[in-house]
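Please open the structure in your viewer and keep the sequence panel beside it.

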Amino acid sequence: MIEDVSSRGLALVGVAAIAAGLLGMAVVRSNRASTAADGMHVHMMGADAGEGATARPTTTVKPLSCEKLPNVPGRHSITTALVEFPPNAYTPRHRHPGSVTAFVIKGALRSQMEGGPAVTYTQGQTWFEAPGAIHSFAENASATEQAELLAIFVAEDGCGPLTIPLTD
């Protein structure tokens, strides 16, 4: 008997295959020695965790690739980035110009989307951020161990800024 497979199920399998391939690229690339060409990265601003807190370490975003999506109408692109969280690192309130899927490669990260609970994600777990969603914060759950995630962005505005800080 042939099993009926929905198009949504096939799409999820395709997304999982792409994410697995991108993760493999990130792991291979992170295991290679860094070169001047690989040196492009962005530091997130350090921020206080609350009143009276001292400044916390910054998060580093290292773009790995950015490609136009020729089969998608508009100026859509997919960008893959490695996000490094030193021990106790904190990323303040922000949003992104498009959709984001985050995959925890190493360590544990606490993350909270506006209106939802703070959740701790560990190695191998993922979360999704819809276009324009407010990310209240993200932080390394450990004060002693490094954490990393692979972020996959799909946006309309090409390979521009990945994070839009929010101050209000």
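Begin by selecting Val83, His94, His96, His135 and Leu149, which lie nearest the centre of the largest cavity, among the 18 residues that line it. A cavity here is a set of points on a 1 Å grid over the protein atoms alone where a 1.4 Å probe fits but cannot get out, and lining residues have an atom within 4 Å of a point. Next, colour the elements that give two or more residues to this lining, namely strand 3 (77-85), strand 6, strand 9 (126-129), strand 10 (135-140) and strand 11 (147-155). Strand 11 gives the most, with 3 residues. The volume of this largest cavity is about 180 Å³, taken as the space filled by probe spheres set on grid points that are joined across faces, edges and corners, and the structure holds 2 cavities of 30 Å³ or more.

Before going further, note that this is a predicted model, in which local features need pLDDT of at least 70 and side-chain atom pairs count only at pLDDT 80 or more, while totals for chains, interfaces and linings use all residues. Residues are numbered from 1 along each chain as its sequence is written, and side-chain values use heavy atoms, with hydrogens and water left out.

Now show the whole chain as a cartoon, where 1 helix and 12 strands can be followed; helices (H or I, at least four residues) and strands (E, at least two) are DSSP runs, numbered from the N terminus. Of its 168 residues, 32% count as buried, a word that stands for under 20% relative accessible area with a 1.4 Å probe, protein chains only.

Select Gly98 next, in the loop between strand 5 (94-95) and strand 6 (99-106). Gly98 is buried, with a relative accessible area of 7%. If residues up to four places away in sequence are not counted, Gly98 touches Glu129, Ala130, Pro131, Gly132, Val154 and Ala155, where contact means heavy atoms within 4.5 Å. Draw a line from Gly98 to Ala155: the two are 57 residues apart in sequence, yet 4.2 Å apart in space, C-alpha to C-alpha.

For the last stop, select Thr91, found in strand 4 (residues 90-91). Thr91 counts as buried, at 4% relative accessibility. Show its side chain together with that of Thr59, since a polar contact of 2.8 Å joins the two; such a contact is a pair of N or O atoms within 3.5 Å, and within protein one must be able to donate a hydrogen and the other to accept it, with residues adjacent in sequence counted only if both atoms are side-chain atoms.

How values were computed:
Buried < 20%, exposed > 50% of the residue type's maximum accessible area, 1.4 Å probe, protein only. 1 Å grid on protein atoms, 1.4 Å probe; cavity = no way out; pocket = protein on both sides within 12 Å on 5 of 7 lines; lining within 4 Å.
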